[in-house]
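Subject: Structure for you to look through

Dear colleague,

I am handing over a structure that I would like you to look through, with the sequence beside you.

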Amino acid sequence: MKAALEIKGLHKRFPGVWALRGIDITLDAGRVMGLVGPNGSGKTTLLSILMGHKKPTKGEVRIFGMKPGKRVREITSYVPEIDHLYGWMTVKEMADFTAGFYRSWNPSKFRELLEFMDLNPSFKIGNLSRGMRARLKLSLALAADPKLLLLDEPLSGIDPLSRDKILEAFIKWFQFGEQTVIFSTHIVREAEKLFDYVVFLGDGEIILQGEPDELRNRYGRSIEDIMKEVYR
Amino acid sequence: MSRFFLLLGKELREERNWILFSSIALFLLFALFLLRSGKWHKGSATVIYFLIVSVSIFILSIVRGFGLLKKEWDSRTIIYLRSLPAGGYEVALSKFTSFVVQIGLFAALGLILNYGLFSLESLDVSGLGFRSFFLVYVSAFFGSLVFFSVPFIAYVVGKSTARLGKLLSISVLLALVYIIPKLHKFFVRLLPFLPKFQIFKPEELAQRGLTIHPSSADLASYIFFTVISLALILLSGFLLEKKVEI
């Protein structure tokens with residue numbers, strides 16, 4: 001199977017600090033990778049490099065054989081942790097704007113997602129709660145039907161109802177086996193059942209990586225408990 | 001619809017309040033001058049209105065040049081914008097085009113209202129006909145393209161480095177302020193065959209004890225302002241795509 005992601009010897013330095021050191025990851029297409037680690041471990045920096053928002057200091061990154069850039073963005077949806085949508089737009093305006101950029105945009109899927117997420121198209125984004133904005137971000141990302149989905153802490157800092165909705169929507173509309181996802185989180189308990197590959201990051205380095213079943217067998221405990229032990 | 005037009009549509013919708021506000025400001029100023037014109041020296045309302053609008057064009061250009069991208073950074077929407085499959089040059093060009101539309105509307109409305117005051121004051125002094133105002137408005141419009149694109153690229157360059165960004169930004173700004181007039185002179189000399197438009201009649205103004213520089217505008221300058229602005233905007237787009245980290 002063609003690799004969705006190939007990262008070799010990736011380093012990223014910010015003034016005075018190495019954010020990533022020697023990251024090597026190969027991920028086949030159609031897999032769900034959990035990128036876990038505490039805050040400040042380098043998860044967001046890694047995803048930013050994949051999107052081309054940050055440039056590597058050293059090392060190589062290939063996404064479906066391409067360097068991060070415009071062509072990669074055509075097949076990728078990115079959901080960052082922060083609020084990055086235009087507050088002055090309504091939900092419908094945001095969707096219409098986004099739809100124009102993706103050939104793969106699926107309007108019926110977006111309508112279904114809006115209904116499931118209890119989002120009214122006439123709502124102004126600036127007036128939505130954090131949880132509702134998180135729901136909208138995921139809906140926009142899923143409706144674009146991307147080959148690669150990058151989710152940066154989609155469950156962080158939101159109410160339990162929104163967290164459940166986001167996980168349910170992901171399970172319902174994400175095309176397992178066809179689409180590839182990198183799911184960054186430090187809240188592992190609710191998401192670990194989704195992963196078929198896990199990378200543990202700590203201080204910018206890979207501490208551990210492998211298939212969840214293999215890791216569970218090797219350590220005799222859940223991914224969440226492995227994480228607690230690794231970062232203790 | 002092409003990505004450029006999608007981005008341009010977004011820019012214009014985002015700026016609609018600004019367009020409305022600036023239009024209202026021009027009308028209010030016009031109304032004020034209309035009321036006061038009878039009490040002032042003949043021609044004062046036309047000239048003062050003209051000065052306020054033309055100076056505003058340049059000030060607004062600088063403010064928009066720094067502000068249009070800064071706003072995206074401050075609201076963190078730059079992450080959304082740069083996650084879309086649009087090139088940096090499309091983002092930069094859409095912002096530039098949106099500015100051209102805004103400042104074009106502002107200048108056109110200013111010119112129309114200025115003509116209203118001009119007609120009301122029956123001002124057609126030799127050497128200062130309305131054609132003079134028209135040409136200065138056109139020159140201000142083309143000049144504003146440079147006044148926008150220089151701070152725009154200075155802001156982008158400042159964002160392309162993790163350290164000393166502001167210092168780099170100011171250095172680029174000063175360097176361009178120094179280089180562009182020299183390039184302008186050189187460019188205009190290369191195209192002497194292009195038409196010049198006389199704005200004022202210097203000899204007639206001199207008889208009235210006035211000297212105004214420059215007394216003429218030229219097509220070569222308009223072409224230069226457009227070309228250099230587009231070049232700076234495209235370079236900004238390249239930097240946005242290849243060098244700037246968000």
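Please keep in mind that this is a predicted model, in which local features need pLDDT of at least 70 and side-chain atom pairs count only at pLDDT 80 or more, while totals for chains, interfaces and linings use all residues. Residues are numbered from 1 along each chain as its sequence is written, and chains are lettered from A and ligands numbered from 1 in the order in which they are written.

I begin with the sheet of chain A. Six strands form an open sheet with mixed pairing, in the order β5-β6-β7-β3-β8-β9; strands (E, at least two residues) and helices (H or I, at least four residues) are DSSP runs, numbered from the N terminus, and two strands pair if DSSP finds at least two bridges between them. The edges are taken by β5 (76–79) and β9 (205–210) of chain A, each of which has a single partner strand, so one side of each is left without a neighbour in the sheet. From one strand to the next, the twist averages 15 degrees. Within the sheet, β6(A) pairs with β7 (residues 180–185) of chain A in the parallel sense over five bridges, and A:Leu151 stands opposite A:Phe183 in β7(A).

Two helices lie across this sheet. Helix α1 (residues 43–51) of chain A lies across β3 (32–36), β5, β6, β7 and β8 (197–202) of chain A and runs at about 150 degrees to β6(A), whereas helix α8 (residues 223–230) of chain A lies across β3, β8 and β9, at about 20 degrees to β8(A). These angles run from 0 to 180 degrees between N-to-C directions, with axes fitted as lines to C-alpha atoms, for helices over the stretch in contact.

Which residues have the most contacts inside the largest nonpolar core? They are A:Met33, A:Met94, A:Leu150 and A:Phe183, in a core of 122 residues. Such a core is a set of buried Ala, Val, Leu, Ile, Met, Phe, Trp, Tyr and Cys residues joined through C-beta atoms within 7 Å, where buried means that 20 or more other C-beta atoms lie within 10 Å of a residue's own, exposed means 12 or fewer, and partly exposed lies in between, with C-beta atoms placed from the backbone. The largest share of this core, 16 residues, comes from helix α6 (residues 130–159) of chain B.

That helix, α6(B), packs against helix α7 (residues 165–190) of chain B at an angle of about 150 degrees, with their axes 7 Å apart. By class, their contact has 13 nonpolar, three polar and two charged residues; Ala, Val, Leu, Ile, Met, Phe, Trp, Tyr, Cys and Pro count as nonpolar, Asp, Glu, Lys and Arg as charged, and the others, Gly among them, as polar.

Between the chains, 19 residues of chain B are in contact with 20 residues of chain A, contact meaning that the C-beta atoms of two residues, placed from the backbone, lie within 7 Å. On the side of chain B that touches chain A, α1(B) gives the most, with four residues.

Finally, A:Asp145 has a positive phi of about 45 degrees although it is not a glycine. A:Asp145 lies in the loop between α5 (130–143) and β6 (148–152) of chain A, and it counts as partly exposed because it has 19 C-beta neighbours inside 10 Å.

With best wishes
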